Amino acid sequence: MQYLTNEKLVIVGAAGMIGSNMAQSALMMGLTTNLCLYDVFSPEGVAEEMRQSGFDEVNITATTDVAEAFKDAKYIISSGGAPRKEGMTREDLLAGNCKIAEELGKNIKTYCPDVKHVVIIFNPADLTGLVTLLYSGLKPGQVTTLAGLDSTRLQNALAKKFGVMMNQVTGCATYGGHGEQMAVFGSAVKIAGRPLTDIIGTAEFPVEEWEQMKKDVTQGGAAIIKLRGRSSFQSPSYLSVEMIRSVMGGETFRYPAGTYVSNEKYNHIMMAMDTVLDANGCSYKMPVGTPDEIAKLDASYEHLCKMRDELVTLNIVPAIEEWSSINPNL
């Protein structure tokens, strides 16, 4: 197999379901010959499974020692937070998982300040990503969060509704926060070449059905918990590996990513934007949509700001005006 790189990829939380699936996806996609599995619980069993799968061209290591894991790391994907359980929102995980993110950021700064890119997927990802970025000292384009899962949920819902393959549903995007406050954009969507805006409001797709679909998309994670009895693990695993593949020089990531935003409208926040994720890191531009879609995006931003401000109250992050003293890149 031809691998994209020989540089070290570390999977944080590798002993869990998401982490172990990430390990297998990364190996099957031929990302790197140097894979390190890290967890506070021993990930050696996962490492043995991967070796016994016949991935014999890769150096697969496993450790519970963060210094060993992060030494010489160039890429990191972290699922190392508490999972969501039935009845919980992503926001319910705020304080505990953001403390984990603070420690992760500090470990990056201490052990691998030359890391090229970090993908954060543990919830609430917009806030855990923001905290990781702050304490890591990295540049904004070097830390991204998993937001694409919301867009694939919209794409899937529309494909099922209209009886087409998912690749025939184009232009799907959700922006803002990764959660029930996300902004679902449909104005650029096409179904087998037909503009969705021409279909909404017809007998084929009444407005009420579209509004319910958008609500269902925002609650897609909760639906998986009800269906499977546990939070999503396969879809976030695969998409996060696609994200890290793109910054390794592989295919450009297909969906919006969560990124640090600070401009004239939205600032000091991590949220999904119209992004490009490639070997240069993450860059973004403002999403284009209808006035109603932009209003939903504004509301999502305000919701994220409230959670960010709660982190200040909890003393997990200092006041915004002090951030640049911790990370001069912000």
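Where is the place of Asp72? I found Asp72 in the loop between helix H3 (66-70) and strand E4 (73-78), where helices (H or I, at least four residues) and strands (E, at least two) are DSSP runs numbered from the N terminus.

Before going further I noted that this is a predicted model, in which local features need pLDDT of at least 70 and side-chain atom pairs count only at pLDDT 80 or more, while totals for chains, interfaces and linings use all residues. Residues are numbered from 1 along each chain as its sequence is written, and side-chain values use heavy atoms, with hydrogens and water left out.

**Backbone entries**

I looked up phi for Asp72 and read a positive value of about 65°, although Asp72 is not a glycine. Its relative accessible area is 49%, so Asp72 is partly exposed; buried means under 20%, exposed over 50%, and partly exposed in between, with a 1.4 Å probe and protein chains only.

I then turned to Asn315, which lies in the loop between helix H11 (291-313) and helix H12 (323-326). Phi of Asn315 is also positive, near 65°, and Asn315 counts as exposed because its relative accessibility is 66%.

I checked one peptide bond as well: the bond from Asn123 to Pro124 is cis, with omega near -10°, and Pro124 sits in the loop between strand E5 (117-120) and helix H5 (125-136). For background I wrote down that most residues other than glycine have a negative phi, and most peptide bonds are trans.

**Whole-chain entries**

I recorded twelve helices and 15 strands in the protein chain, and a C-alpha trace that spans about 60 × 50 × 35 Å along its principal axes. Buried residues make up 54% of the 330 residues. I also noted that, among contacts (heavy atoms within 4.5 Å) between residues at least 6 apart in sequence, 71% join residues at least 24 apart.

**Core entries**

Which residues have the most contacts inside the largest nonpolar core? They are Val10, Phe70, Ile76, Ile108 and Met271, in a core of 49 residues; such a core is a set of buried Ala, Val, Leu, Ile, Met, Phe, Trp, Tyr and Cys residues joined through side-chain atoms within 4.5 Å. I followed Met271 and, not counting residues up to four places away in sequence, found that Met271 touches several residues, including Asp126, Gly176, Tyr266 and Leu304. A second, separate core has 36 residues, among them Val58, Ala62, Ile121 and Tyr255.
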